[in-house]
Amino acid sequence: MLNKTEQTQVISLIKKTRELIYREMRAARVTIKGAADYVTNVDFAVQDFMKRELELRFPDIRMIAEEKENKDLYSNARYWILDPIDGTTNLIHHYGLSAVSLALYEQGEITFGAVYNPFHEEFFYAAKGQGAYLNDRQIFVDENVKFSDAVVSYGSSPYDKSRAKKLFPLYYRIFMKAADFRRTGSAALDLCYVACGRQHAYFEQDLKPWDYAAGSLILTEAGGAARGWDGGKLPFLTNADIAASTKTLAEPLMDMLCEK
Ligand code: LIP
């Protein structure tokens, strides 16, 4: 576990990416990794900065990150899990919903998570057992909402459109039972938006560890639930299908996701 001084150090480090992100965006260069899957010079600049600065302060903690090779991972080790820019497509189109997402993985669980959107100046963070915060104000899920009044967000797996044939009928079933949908394009922010009550549930398939690790701790520390579509614990070191919500909506959401 990070102590309070170490948490403050890491939060300050992540906030320093704001200037770097704005500077790099002025010379944005986009590389296509695959269908609807992009990486920019901003992603690489933030990853290089965070890797260098974290290694200086915490030399014994390896990093897992989106824009690097991650192999020989062990469940009993400690890792930083970094998405330098979650919501890269949004960044390319100046959409304003992109975030730096950093988690600390320790022996099978996430003990610290931070999600920073520099475009809205919103900094979400949580430490295990210490609550969840947005800009230093404690946050909680909006627990007293029934499914028919819920705002539900989802991920559309745009880089794997073979999933669409099965996913869209599922969206229809859930949409007909909820109040409305949202699609932000950032899993990390979706999880944080459920944590602070802007949304009440979120689901997406095949998310990478760096998409969901930090946001899942922020959500559970805000009183929510984040599990796999099979109802199991999240793995954190591998991809996962995420079902996230208030505790009240966890069962109805799971029932709809598992409906054949
Ligand atoms: C994004 C996720 C989002 C998903 C996008 C993309 P990235 O992460 O946060 O939920 O639907 O396809 O994977 O690639 O922008 O870091």
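Which residue's side chain meets that of Glu66 in a salt bridge? The legends below begin with that pair and then move to other close-up views of this predicted model.

**View 1. The salt bridge between Glu66 and Lys33.** The side chain of Glu66 meets that of Lys33, with a distance of 3.5 Å from N to O. Because Glu66 lies in the loop between β3 (62–65) and β4 (78–86), while Lys33 belongs to strand β1 (residues 30–34), the pair ties together parts that are 33 residues apart in sequence. The two partners can also be described by their accessibility: Glu66 is buried, with a relative accessible area of 19%, whereas Lys33, with a relative accessible area of 37%, is partly exposed. The pair belongs to a network of salt bridges that links Lys33, Glu66 and Glu67. In the structure as a whole there are 16 salt bridges. As a general point, side chains of opposite charge can pair when their charged atoms come close.

**View 2. Arg78 with its partners Asp60 and Glu106.** Arg78 and Asp60 meet through their side chains in a salt bridge, at 3.5 Å from N to O. Since Arg78 lies in strand β4 and Asp60 in the loop between α3 (41–57) and β3, this pair ties together parts that are 18 residues apart in sequence. Arg78 also forms a salt bridge with Glu106, and here the closest N and O atoms are 2.8 Å apart. Glu106 is part of strand β5 (residues 99–106) and Arg78 of strand β4, so this second pair ties together parts that are 28 residues apart in sequence. As for accessibility, Asp60 is exposed, with a relative accessible area of 55%, Arg78 is partly exposed at 26%, and Glu106 is buried at 8%.

**View 3. The packing of helix α1 against α3.** Two packed helices are described by the angle between their axes and the distance between the axes. Helix α1 (residues 4–15) packs with α3 at an angle of about 155 degrees, and their axes are 11 Å apart. An angle over 145 degrees counts as roughly antiparallel, and α1 and α3 are therefore roughly antiparallel to each other. The crossing in which α1 passes α3 is right-handed. On the side of α1, the residues in contact are Gln9, Val10, Leu13 and Ile14, which meet Phe49, Met50, Glu53, Leu54 and Arg57 in α3. Sorted by class, this contact has six nonpolar residues, one polar residue and two charged residues.

**View 4. The packing of helix α5 against helix α8.** Helix α5 (residues 164–177) and helix α8 (residues 247–258) pack at an angle of about 150 degrees, with a distance of 10 Å between their axes. These two helices, α5 and α8, are therefore roughly antiparallel to each other, and α5 passes α8 in a right-handed crossing. Leu170, Arg173, Ile174 and Lys177 are the residues of α5 that meet Leu253, Met256 and Leu257 in α8. The classes represented in this contact are five nonpolar residues and two charged residues, with no polar ones.

**View 5. The surroundings of Gln47 and of Arg182.** Gln47 is found in helix α3 and is buried, with a relative accessible area of 3%. Leaving aside residues up to four places away in sequence, Gln47 touches Ala65, Glu66, Glu67, Lys68, Leu82 and Pro84. Two of these neighbours, Glu66 and Glu67, are linked with Lys33 in the salt-bridge network of the opening view. Arg182 is found in strand β11 (residues 180–182) and counts as partly exposed at 40% relative accessibility. With residues up to four places away in sequence again not counted, Arg182 touches Val151, Val152, Ser153, Tyr154 and Gln199. The C-alpha atoms of Arg182 and Thr88, which are 94 residues apart along the chain, are separated by 18 Å.

**View 6. Positive phi values at His94 and Asp206.** Most residues other than glycine have a negative phi. His94, however, has a phi near 55 degrees, a positive value in a residue other than glycine. This residue, His94, lies in the loop between α4 (88–92) and β5, and at 61% relative accessibility His94 counts as exposed. Asp206 has a positive phi as well, with a value near 55 degrees. Asp206 lies in strand β12 (residues 201–207), and at 19% relative accessibility Asp206 counts as buried.

Note on methods: Residues numbered from 1 in each chain as written. Predicted model: local features only at pLDDT ≥ 70, side-chain atom pairs only at ≥ 80, totals over all residues. Heavy atoms only, no water. Salt bridge = Lys/Arg side-chain N within 4 Å of Asp/Glu carboxyl O. Helix = DSSP H or I, 4+ residues; strand = E, 2+ residues; numbered from the N terminus. Buried < 20%, exposed > 50% of the residue type's maximum accessible area, 1.4 Å probe, protein only. Axes fitted to C-alpha atoms, helices over the stretch in contact; angles between N-to-C directions. Parallel < 35°, antiparallel > 145°, perpendicular 65-115°, else oblique. Left-handed = near helix turned anticlockwise from the far one by under 90°. Contact = heavy atoms within 4.5 Å. Nonpolar A, V, L, I, M, F, W, Y, C, P; charged D, E, K, R; others polar.
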